[in-house]
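Hi,

Here's the structure I promised to send over. Have a look at it first, and my notes on the pockets and the ligand follow below.

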Amino acid sequence: MSDRQQVTNARGDRIAIVAGLRTPFAKQATAFHGVNALDMGKMVVNELLSRSEIDPKLIEQLVFGKVVQMTAAPNIAREIVLGTGMDVNTDAYSVTRACATSFQSTVNVAESIMTGNIEIGLAGGSDSSSVLPIGVSRKLAHALVDLNKARTFKDKFAIARRLGLKDLLPVPPAVAEYSTGLSMGQTAEQMAKTYHISRADQDALAHRSHTLATEAWNAGFLHDEVMTAHIPPYKQFIDRDNNIRENSVLESYAKLRPAFDRKHGTVTAANSTPLTDGASAIILMSESRAKALGYQPIGYIKSYAFTAIDVWQDMLMGPSYATPLALKRAGMELEDLTLIEMHEAFAAQTLANMQMFGSKKFAEEKLGRNRAIGDIDMSKFNVLGGSLAYGHPFAATGTRLITQVCRELKRRGGGTGLATACAAGGLGAAMILEVE
Ligand SMILES: CC(=O)SCCNC(=O)CCNC(=O)[C@H](O)C(C)(C)COP(=O)(O)OP(=O)(O)OC[C@H]1O[C@@H](n2cnc3c(N)ncnc32)[C@H](O)[C@@H]1OP(=O)(O)O
């Protein structure tokens, strides 16, 4: 098998991204409080269809995802089709791959185009950290099922007596790994310790992220890729990400207490992504269909890769595994890239990955390569800031990164860019995008 990946259909058409859009990202329980992931998904898809002036009937497939589940609407993709101006006959299904979910929805649509099953598709993701599937304790859930089956009052009473007051309390979902019980923040703490990432370096990266994101907004770079979202019942709107600290002051970062290891930790609210609400989406087409319809693609997919590692220790290392594979499949080296965009789940996780990009030992021991992936040139890295500033509505981050890389490459006159992310479950995603 060749190492190179042929991201084309049988006619040799590349996979074109013709448009990308997102809602502003809002911190938990702020602008999108009460608006669920489906409603944000519908908002962004409706606006994307309208801005790209595409006949919705031409969209043959919609693949969408969310990470925090909405039990009433498990197939968010199909609900988006039914709840927007799309054709009811549009095929739609949902995917989930933790924080890399909309990398996956993008790849699913791309692969449908590559096989020739479709010519045009829409991909994206949406998540709400404000509308949560609040559950019940395992004991209560068990008892409720038994109660339903119990025939006599005596049996019902006996079941009810099994429960204590604690068992009746609602249970919110945890941002934690199912199999280890470790929260993402605790994993970030592990990584800070393993890779000796100092608090000062974490804070400096977060400050850089807020500063660059502020500059990007002020320069007007994000206006075309972020819509104004009108919030039901339509008395309020949000037109800018609300987590970005426009007057970020480095000194104030040092004052915060660690959030996940109160005594010995270095990971704080300021150097972690906040819990966030938002949605994003892109339209993909075969190159020839895009040209026939008169679209000027914002970018093309050159290669992609997904990887997985164990979850007990330092599992947010996805970029260090997925990036070399995507580069190899594109026939490129790190230094060939014009831009490098890495999801900043936590500053500690980002800095650990950056360190391993430059490590020959890591390359030899973990990747089976005889040279490091490469040192990251900071003038190419997260040049408009990253998730630490924008926030991270889990399933929406992938298509945010993809759109942002393509549009920034365009502003720089073209080139190739990497978008990469770690994800729960020890997963990694990387995609190389090319822009003319
Ligand atoms: C693959 C992946 O992506 S894994 C990542 C998945 N995501 C996560 O796990 C989410 C991680 N984040 C979290 O859980 C939460 O954001 C936490 C626990 C870190 C912090 O939550 P909260 O305590 O609610 O944060 P909150 O926004 O209130 O900030 C706490 C304080 O820090 C301050 N602060 C936050 N950011 C900054 C900053 N950049 N500069 C200065 N101060 C700041 C706030 O003003 C606040 O101060 P106050 O208490 O005086 O009001």
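How much space lies in the second largest pocket? About 500 Å³. Keep in mind that this is a predicted model. The lining of that second largest pocket comes to 22 residues, and Val67, Ala174, Val175, Ala176 and Phe394 are the closest to its centre. By class, those lining residues are 14 nonpolar, 6 polar and 2 charged.

Now the largest pocket, which has a volume of about 680 Å³. This is the space that the ligand takes. Its lining has 29 residues, with Ala269, Ser272, Thr273, Pro274 and Leu275 nearest the centre. Two helices, α6 (184-194) and α8 (250-253), each supply at least two residues of that lining. Sorted by class, the lining of the largest pocket has 17 nonpolar, 10 polar and 2 charged residues.

On to the ligand itself. There are 24 residues around it, and the closest are Lys27, Arg245, Thr273, His343 and His392. The shell splits into 16 nonpolar, 6 polar and 2 charged residues.

- Lys27: an N or O atom in its side chain is 2.5 Å from an oxygen atom of the ligand.
- Tyr253: a polar side-chain atom lies 3.2 Å from a nitrogen atom of the ligand.
- Thr273: here a backbone N or O atom lies 2.8 Å from a nitrogen atom of the ligand.

On its own the ligand has 1,000 Å² of accessible area, and the protein covers 67% of that. As for elements, α8 and β11 (415-423) are the ones that give two or more residues to the shell around the ligand.

Cheers

Notes:
Residues are numbered from 1 along each chain as its sequence is written. This is a predicted model: local features need pLDDT of at least 70, side-chain atom pairs count only at pLDDT 80 or more; totals for chains, interfaces and linings use all residues. Side-chain values use heavy atoms; hydrogens and water are left out. On a 1 Å grid over the protein atoms alone, a cavity is a set of points where a 1.4 Å probe fits but cannot get out, and a pocket is an open set with protein on both sides within 12 Å along at least five of seven lines; lining residues have an atom within 4 Å of a point. Grid points are joined across faces, edges and corners, and a volume is the space filled by probe spheres set on the points. Helices (H or I, at least four residues) and strands (E, at least two) are DSSP runs, numbered from the N terminus. Ala, Val, Leu, Ile, Met, Phe, Trp, Tyr, Cys and Pro count as nonpolar, Asp, Glu, Lys and Arg as charged, and the others, Gly among them, as polar. A residue is near a molecule or strand if one of its heavy atoms lies within 4 Å of it. A polar contact is a pair of N or O atoms within 3.5 Å; within protein, one must be able to donate a hydrogen and the other to accept it, and residues adjacent in sequence count only if both atoms are side-chain atoms. Accessible areas come from the Shrake-Rupley method with a 1.4 Å probe; for residues, only the protein chains shown count as cover. A molecule sits in a cavity or pocket if more than half of its atoms lie within 2 Å of its grid points.
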